[in-house]
Amino acid sequence: MSPQDLANAIVSGINAGGEQFLEGTLAAALPVIWLALLGLHLGRPYILDMIDRFTLRLGADLLWLVYVALRDFLIVSGVVMSFMFFFPDVVVT
């Protein structure tokens with residue numbers, strides 16, 4: 001075995017392990033993201049009620065922007081991450 005073959009084997013092993021770790025972490029994080037989305041959806045009336053309590057309009061606007069940005073980011077990332085379940089070879093390995 002040449003040094004180049006050994007280096008290629010080590011690099012491919014690290015890449016394969018990193019890929020499996022990343023996919024396993026994403027699959028484990030998906031239920032947390034789905035629960036966070038459910039909480040944000042159910043908490044919308046509370047956020048709208050809390051906005052009326054603000055005396056400074058900037059604070060109310062920032063709260064609403066953070067809420068909407070977090071909700072939209074979680075929706076997009078949850079949908080994109082859920083596509084991994086359409087590829088059985090990714091989930092099986």
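In this predicted model, helix 1 meets helix 3 through a set of contacting residues. From helix 1 come Leu26, Ala29, Leu30, Ile33, Trp34, Ala36, Leu37, Leu40 and His41. Their partners in helix 3 include Tyr67, Leu70, Arg71, Leu74, Ile75 and Met81. Helix 1 spans residues 3–42, and helix 3 covers residues 57–82. Two packed helices are described by the angle and the distance between their axes. Here the axes come within 10 Å and cross at roughly 145°. The crossing is left-handed.

Ile75 of helix 3 takes part in this contact. Ile75 also belongs to a nonpolar surface patch, along with Val76, Val79, Val80, Phe83, Phe86 and Phe87. Together these residues have about 710 Å² of accessible area. Ile75 counts as partly exposed because its relative accessibility is 38%, between the 20% and 50% cut-offs.

Now the charged pairs. Side chains of opposite charge can pair when their charged atoms come close. The structure holds 3 salt bridges. Arg71, one of the contact residues in helix 3, pairs with Asp72 at 3.3 Å, N to O. Arg71 is partly exposed at 23% relative accessible area, and Asp72 is partly exposed at 36%.

Arg57 and Asp61 also lie in helix 3, 4 residues apart, about one turn of the helix. Their closest N and O atoms are 3.2 Å apart. Arg57 is exposed at 54%; Asp61 is partly exposed at 33%.

Arg53 and Asp49 form another salt bridge, at 3.1 Å, N to O. Arg53 is exposed, with a relative accessible area of 54%, whereas Asp49 is partly exposed at 40%.

Notes
Residues are numbered from 1 along each chain as its sequence is written. This is a predicted model: local features need pLDDT of at least 70, side-chain atom pairs count only at pLDDT 80 or more; totals for chains, interfaces and linings use all residues. Side-chain values use heavy atoms; hydrogens and water are left out. Patches are made of residues with over 30% relative accessible area and no salt bridge: like charges are joined within 9 Å, nonpolar side chains (Val, Leu, Ile, Met, Phe, Trp, Tyr) within 5 Å. Accessible areas come from the Shrake-Rupley method with a 1.4 Å probe; for residues, only the protein chains shown count as cover. A salt bridge is a side-chain nitrogen of Lys or Arg within 4 Å of a carboxyl oxygen of Asp or Glu. Helices (H or I, at least four residues) and strands (E, at least two) are DSSP runs, numbered from the N terminus. Buried means under 20% relative accessible area, exposed over 50%, partly exposed in between (1.4 Å probe, protein chains only). Axes are lines fitted to C-alpha atoms, for helices over the stretch in contact, and angles run from 0 to 180 degrees between N-to-C directions. A crossing is left-handed if the near helix is turned anticlockwise from the far one by less than a right angle, and right-handed if clockwise. Contact means heavy atoms within 4.5 Å.
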